[in-house]
Each structure stands twice: as structure tokens, then as C-alpha cells.
Amino acid sequence: MRRELVVPKLGLTMTEGTLLEWLVKPGERFKAEQGLFVIESEKAAVEVPAEADGVLLEASAAVGATLALGSPVGYWDDGAANEAATAAPMAAARESEATAPAFAALVATSAPAHSGIRQFATPLARRLAREQGVDLHGVQGSGPRGRIRARDLPSAATSAATMAVATPVSAPAASPASTAAGTLRPATPTEQTIARRLVASKQEIPHFYLSVEADVSALMTLRVQLNEANPQQRFTLNHFIVAAVGRAIAQMPEVNCVWTAEGILSLPTADVGMAVHTGRGLTAPVLRDVGNKRLSEIARDAAAAGVKAQAGRLSMADMSGGAITVSNAGMHDVTYMASIINPGQSMILGIGSVRGVFRPDADDRPVLRRELGMVLSADHRVLDGVTALKFLKCIVQALERPLSLVA
Amino acid sequence: MAEPYDLLVIGGGPGGYVAALRAAQLKLRTVLVEREHLGGICLNWGCIPTKSLLHTADTLRRIRHASDLGLAVAEPAIDFARVMQRSREVAQRLNKGVTHLLRKAGVTVIDGAAGFAPDRSVQVMQPDGKTQRLQARHLIVATGAHPRALPQLPFDGDRVWSYRDALAARSLPASLLVIGAGAIGMEFASFYATLGTKVTLVEALPRVLPASDADVSAFVAKAIARGGITVRTGVRVQSAEVRKDRVLVELANGESLQAERVLVAVGLAGNTEGLGLEHTRVRVKGGLIQADAQGATSDPTVHAIGDVTGGPMLAHRASHQGLACVERIASGAKDGPAHAPLIPSCVYSHPQSAGVGLNEDEAKSRGRPIRVGRFPLDASGKAIAIGEASGFVKTIFDEASGELLGAHIVGPDAPELIHGFTLAATLETTEAELMETVFAHPTLSESLHESVLAAFGRPLHI
């Protein structure tokens with residue numbers, strides 16, 4: 001049955017969205033939960049997953065179009081029979097009785113099952129579609145007046161349109177263009193969105209930065225002990241840091257606020273965002289109520305969010321909220337990382353690598369410590385330096401007394 | 001400086017002037033700069049004047065065979081000066097036509113040599129020595145190509161000819177050595193041989209018309225040898241000596257040849273020199289501007305079409321690319337699928353030949369099963385009736401999909417007949433529609449139908 005795809009509501013304040021990208025082509029089959037298209041709201045770009053298995057019939061909205069909530073972007077077939085689908089082939093069959101058999105086959109396929117609108121397609125495209133079981137209705141034709149050609153079928157890459165390919169033509173425009181000055185590649189819609197948001201954040205938010213080192217010697221030892229004690233439950237350093245941030249917010253709820261056009265908004269729960277690097281770029285799912293959760297619960301939530309992020313299935317709700325994000329670059333051998341605050345938040349904590357360093361003890365004798373470099377980027381419209389520093393010290397204290405995080 | 005133009009076209013050949021006409025239709029303020037002749041090589045020194053000469057040769061051949069048709073005609077006298085003069089007149093008439101078309105369309109035409117200045121404006125050196133600076137939002141480079149010289153036989157306009165000299169000969173040479181058996185070499189070999197010159201054709205590749213289907217090459221090679229042209233393939237020119245009255249040439253296989261004149265037709269090189277392309281971001285590789293089927297280059301405002309972008313170096317391909325390029329510019333589209341259209345290629349020597357799409361070797365190399373149909377013209381009623389029953393029609397299909405992959409014709413009016421297949425393939429018809437189509441009888445075109453039937457094992461007249 002022919003069904004509509006609409007712009008979903010991705011956040012409380014969302015009224016419209018921009019279609020950034022189609023992830024499936026008309027005529028292509030997809031599975032439930034597979035991403036169909038990417039919608040950008042004022043906050044982020046989100047993949048909209050399929051609600052069930054089906055075939056994309058038509059991508060009616062163009063990439064780049066800004067659409068109101070609930071407006072249709074395309075149509076899909078859920079595979080269920082409907083009246084129109086059974087009626088059309090019968091009409092075609094009647095017609096074929098009066099014509100030669102070879103011709104009848106062509107007439108039958110040129111009458112689409114899904115609507116009364118005639119679909120223009122070349123004979124080769126019709127034949128290939130029939131053989132491959134592709135529904136031509138909704139395939140975007142590249143020929144004159146939208147005529148569907150063989151190369152427009154989803155399988156075109158592996159089939160047909162061979163004559164055109166045979167003509168040798170150098171095509172630098174389709175691939176990255178190289179010049180003496182370098183190689184130019186157009187930015188993908190996702191890259192453009194990320195760029196826009198970062199520029200907006202860096203230009204609008206008056207960032208200031210505080211950097212400290214936390215002594216994580218005790219924490220590293222505790223982590224090893226905990227992981228050895230229960231191999232089923234693996235804690236990462238990041239879990240402890242997220243937990244420490246959550247505890248710090250719970251202790252200092254006054255930092256848990258963000259700048260909005262209407263005023264400074266205090267957030268009700270100690271939510272903490274967690275930057276996740278995926279094949280499609282950086283995303284930041286937000287873990288809920290971290291301030292009130294046990295370390296094992298935080299570890300479980302973080303793992304689930306990570307899996308979802310890697311699969312590209314984070315919803316807008318998964319990524320909204322929270323005043324702070326933890327961005328851990330420790331695995332990349334860096335001492336300090338000063339990050340850009342995610343739009344909509346007021347802080348980001350950049351985490352560096354754990355370093356073994358000798359520090360003087362009380363008697364000025366060198367002692368080996370394991371230190372973690374941290375840089376807190378904060379929005380000066382919401383936080384002053386003293387408050388932010390106090391907050392950062394809370395985080396350091398929690399990390400340096402790790403038992404408090406497990407208790 | 002005046003207000004910038006929307007479009008500046010450098011070169012008034014079949015790529016450039018057609019692009020300018022279309023741009024004017026699309027209401028772009030357009031200026032075209034041409035350094036020599038509107039209509040380019042095609043109209044002035046290529047396609048058109050050679051067709052005039054070859055028509056003379058065809059008519060002469062028909063008169064010679066008139067006795068077969070029951071007409072007693074004496075061997076006609078050849079007024080060579082008049083033959084060449086007519087060819088020039090045809091070119092001049094069409095050149096005026098292009099001038100008129102551009103004026104009517106409102107395209108500004110400037111005579112002179114154009115080049116990019118460091119500030120990316122275009123500087124035009126006019127024939128009177130004055131320079132003019134032009135600015136445009138978009139530029140199309142359509143400067144064409146020039147004949148490639150052989151180092152051992154540099155062009156001298158007298159003993160060693162380029163095609164241009166061959167079109168302006170003052171007398172019919174007693175003997176002519178043609179180096180290069182592509183379309184240009186073949187056409188001049190055919191023309192001069194028919195008029196009575198003793199012609200020897202030398203080709204470095206293993207066969208004449210190397211870009212054609214192998215069956216076409218083999219058929220044509222046999223036919224021209226029968227017609228009196230000496231053919232040497234798979235051999236290069238080793239050395240040459242230009243004397244006062246003749247040229248001596250030694251081939252790599254040790255054979256010595258001599259002729260009154262030599263025509264070097266070993267290919268074309270893009271006109272990219274002296275354009276100031278280094279002030280743009282276009283990429284030039286091997287003397288050719290890298291561009292896609294719609295003329296887009298790596299510089300977003302500089303486009304390039306036609307021979308200067310590489311092969312196939314054919315006028316109709318340049319025109320088509322020019323249209324596609326202008327339409328993309330006018331639509332404001334940044335990019336888009338630049339699918340290369342199907343481009344037929346035609347050779348007007350005797351026998352004529354034409355092809356579109358893949359040849360059989362290329363089709364086989366795709367690694368998927370094909371079906372090949374051949375229909376000989378000696379089985380065509382019309383061909384026999386007009387006394388031209390020599391040649392064939394060959395079609396190549398993808399076996400699984402029935403897609404027409406390629407078609408090749410040798411015989412009378414092959415360049416006219418090929419369009420049946422070009423149209424069919426462009427519209428993606430399969431063998432089913434071609435078989436369903438009714439072809440009129442008696443025509444040469446029926447042979448197209450028979451060839452398709454033959455490809456699927458059901459020919460009726462062989």
C-alpha cells in the first residue's frame with residue numbers, strides 16, 4: 001500500500017526542517033529502522049528511520065527544501081495489497097487481449113500499479129525494471145520530461161546504460177576537482193550543517209577556558225580492580241568522568257543552565273552529553289539524570305547511546321538537553337583539548353590523555369602520578385570564571401576520590 | 001570597463017558559435033571572440049569543404065560507371081581548379097550564414113585572439129593591433145584543435161601538407177602519400193585517388209579506421225585496395241627526405257616510398273597554448289582541457305567544450321557539448337549527472353562508413369554475453385537496384401537486456417542511415433521495438449531491420 005513519509009517532530013520547539021539528504025533511492029528496498037532521509041532542525045541533522053520494511057516509491061521533496069512539520073517528503077510501499085494495486089493489472093490485461101503479445105507486455109508494465117498517472121520510461125528501463133522487480137512508479141527520471149532511463153534504476157551501477165559509458169569523457173566535475181592549488185570537493189549536506197553550527201557556536205557564544213590536571217592514579221587502580229572483580233561489567237575512564245561531571249552538577253545545580261533567546265534556562269536534571277565519534281562524524285547523545293545514577297547505570301546508558309550513535313539511529317530527543325558535554329580525546333595522545341561548546345549548551349569538558357608525570361610531594365621529592373589534563377570551555381553569558389572554576393574543582397575532587405563515584 | 005557579459009565564448013567553431021546562439025536564446029548577454037573564421041575548422045577547413053570535394057569524386061565515380069546503367073558517357077575532363085574553387089565557395093557561403101545567425105541572435109562578435117589575463121579578465125588582441133579587455137560571469141573555451149605534426153615530416157605547405165593544404169591544392173598531384181588512416185586521411189586518400197592521383201596510405205596501427213569496428217576496417221581496407229589505393233598498416237614512418245620535386249619516406253619495415261606530396265593526418269592536438277590558462281584553475285593534461293560532458297572544468301566559471309577537451313574530435317559532439325554547457329550555466333545548476341550522449345562517427349570516403357556506440361571488441365570486453373547481427377547489402381533489393389550493393393549493417397546487442405550496444409554500417413549513405421540506430425539507442429529501445437517497427441520497402445534502411453532480426457537468429461532475406 002502506498003504510504004506517506006512526513007517531516008517528523010524531532011524536538012519540542014521544532015516547527016520546520018530542512019531535507020538534507022535521501023539515504024535510499026526511489027525503487028530501492030529498505031528494512032525497518034533503516035535510515036531513509038536526513039532532516040535538519042535548528043538543532044541538528046537527524047536520520048529518520050523506516051517504520052517497517054518497504055520500498056521507496058517516490059522522493060517528492062527535493063534535497064535542500066525546508067518543510068513544515070508533518071508535510072510529505074515522499075511515498076513508500078509497505079507491501080500490503082490495496083484495491084488500486086489489484087485493479088490496474090486487470091485493466092492492463094483487458095487491453096492486452098486486443099494487442100500483439102510482445103506489445104502487451106510493454107503496455108502492462110507502462111501502466112503503474114500505484115496510480116492512474118502514466119509513467120514514461122524507455123523500453124529498456126521498463127524491461128530491466130520488470131526483470132529486477134523494481135516498481136517504476138516514483139523512480140526519478142533523468143530523461144526529457146522526467147522520462148525514466150535505464151541509468152535511473154537503482155541497479156544502474158551494475159547494469160545497462162553501457163553505451164553512454166563507453167564514450168570516453170574525462171569528468172573531473174563528478175569527482176574531486178584537482179588544480180595546482182589543491183583538490184576541491186563539495187561539502188556533503190551533513191558537513192555543511194556541522195560547519196554552520198560550529199561557526200554559529202564559536203561566533204555567538206563568548207567562550208572562556210579553564211584548564212586543570214586531575215590526579216587519577218587512584219582512579220586507574222580502582223578501575224582495574226573493579227573490572228577484574230567483575231569481567232561482565234567493564235568500566236572505562238570515560239564512565240568515571242561522566243559520573244564525576246554528573247555528581248558535580250548535583251552538588252552545584254546553579255551551573256546547570258543554558259542561555260536562550262528568552263533568558264537563562266535552569267535545567268531540572270543533571271544530564272550530561274557524551275561526544276561519540278562515528279563514521280558519519282561527531283555526535284553527542286545526552287545521558288539522563290547522571291547526577292542521580294550509579295556508575296553501573298551510567299556505564300549501561302553510555303554503552304547503549306554509543307551503539308545507537310554508531311548505527312546512526314540517534315533521535316533528536318536522544319541529542320537534546322543537558323548543559324554540558326564530555327568530549328574525550330584521551331585515546332589520541334593529547335594533553336589538553338579546548339573544545340567548542342555544542343549549540344544549546346553552556347559548557348564542554350575536553351579530556352586529554354592520562355600521563356605519567358613526576359610531581360614534587362610535600363617534601364619536594366619527585367613522586368610519579370597519573371594525571372589527566374582537562375579543559376572546561378564555558379559560556380560567559382551564563383557562568384562567571386569563579387563559578388566555573390569551582391565546578392571544575394568539584395569534578396577534579398570526584399575523580400581524585402574515586403570511591404565517592406562508586407558509592 | 002563596461003558592464004560584464006553573462007557569457008564570453010572563445011572560439012567560433014561548431015562548439016563555440018552554437019553555444020553562443022543557445023546562450024542568446026536563453027537571454028544571456030553573450031560575446032564571442034574568434035581569431036580567424038566563424039564556423040571554425042569544420043565549416044572552413046574541415047567537414048564542409050571536404051564534403052564538397054568528396055561529392056565531386058562520388059559524381060565522377062558514378063559517371064564512370066554510367067555504362068553499367070545503360071548510359072554511354074565519355075570519361076569526363078577534370079577542371080581541378082574549379083573543383084577546389086567550389087569547395088571554397090561552399091565554405092564561404094556557410095561562413096556568411098554563421099555571421100548572419102549570430103548577428104540575428106544578438107551575439108556580440110569580436111575578431112581577435114583572446115587570452116586570460118592574470119586578473120582573470122579576457123584580453124583580446126584585435127587584427128588592427130589594438131587590445132580590448134572583456135569581463136564575463138562565465139567563460140567557454142572552445143578553441144578547437146590543430147593538426148599534429150610528425151617530427152620527421154614538419155608541415156611546409158608545399159610538399160608536406162596538413163589537411164588545410166590538401167583543401168587548397170593548386171594542381172592535382174600525380175602521387176600522394178597519406179600518413180594516417182583515420183577519417184581525415186581516408187577521406188583525402190579517397191578523393192585524390194578517385195581524381196586520378198596515385199595514393200599510398202600508411203597507418204601505424206594495425207588497421208585502417210582504427211577507431212571503427214574491426215569488420216568495418218577490414219571491409220573498407222579491402223574496398224580501397226580494390227579501388228587502387230596502396231595500403232600499409234602496422235608500420236611507422238622511420239625517416240623522410242623532402243626534395244625539390246618529391247618526398248622520399250622510409251618506413252620502419254625498411255620499405256621506401258616516394259610521392260609528389262605527403263599529407264600528414266596523424267591526429268589533432270588541442271589549442272591550449274597562448275590562452276593564459278595558467279591564470280585560471282582549469283586543468284590541462286596532455287594539451288587538452290579536462291572537462292565533463294557538459295563542459296564543466298575544475299574552474300567553476302571557466303568551461304571548455306569541443307576538440308580542446310579531447311576526443312571524439314567531431315563537430316556535432318562539440319555542438320552538443322556546447323548546448324549542454326550553456327543550458328547548465330543558464331539553469332544555475334552547479335553540477336549534475338554529466339552523462340555523455342551517444343555520438344555517431346561518420347567517414348565519407350568511398351565506401352562510406354558510420355558507427356555509433358560500442359564496437360564488437362568493446363562490447364565483448366564488458367564480459368557479458370552479446371548478440372551480433374550482420375546483414376550484407378548485396379542482399380538488399382534497393383542496394384542492388386541502385387548499383388551499390390557493397391557493404392553491410394552490423395548490430396550489437398546485450399543478450400540479457402536487449403539493449404542496443406552498438407551499430408556499424410558500411411555502404412552508400414551510411415552516415416545518413418546511422419541515425420536510425422542513434423535515435424533508437426538514445427531512446428533506449430530494445431530489439432523488441434526495432435523488430436516491431438515497420439521499415440518501408442524498398443529502402444536501404446530495411447537493412448537496419450534485417451540486421452536486428454539477424455542478431456536474434458531470425459533474418460528473412462539471408
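What is the strand order of the open sheet of five strands in chain B, and is its pairing parallel or antiparallel? The order is E9-E16-E10-E11-E12, with parallel pairing. This is a predicted model, in which local features need pLDDT of at least 70, side-chain atom pairs count only at pLDDT 80 or more, and totals for chains, interfaces and linings use all residues. Residues are numbered from 1 along each chain as its sequence is written, while chains are lettered from A and ligands numbered from 1 in the order in which they are written.

**Sheet**
- Strands (DSSP runs of E, at least two residues, numbered from the N terminus) pair if DSSP finds at least two bridges between them.
- Strand E9 (160–161) and strand E12 (230–233) of chain B form the edges, each pairing on one side only.
- Strands E10 (residues 175–179) and E11 (residues 198–203) of chain B are joined in the parallel sense over five bridges; B:Leu176 has B:Val199 in E11(B) as its bridge partner.

**Helix H6**
- Helices are DSSP runs of H or I with at least four residues.
- Helix H6 (residues 183–195) of chain B lies across E10, E11 and strand E16 (261–264), at about 165° to E11(B); contact requires C-beta atoms, placed from the backbone, within 7 Å, and angles run from 0 to 180 degrees between N-to-C directions of axes fitted to C-alpha atoms, for helices over the stretch in contact.
- Twelve of the 13 residues of H6(B) are buried (20 or more other C-beta atoms within 10 Å of a residue's own), including B:Phe188 and B:Tyr192.
- Just after H6(B), B:Gly196 adopts a positive phi of about 120°.

**Helix H3**
- B:Thr56 lies in helix H3 (residues 47–64) of chain B and counts as buried because it has 20 C-beta neighbours inside 10 Å.

Definitions and conventions
Contact = placed C-beta atoms within 7 Å.
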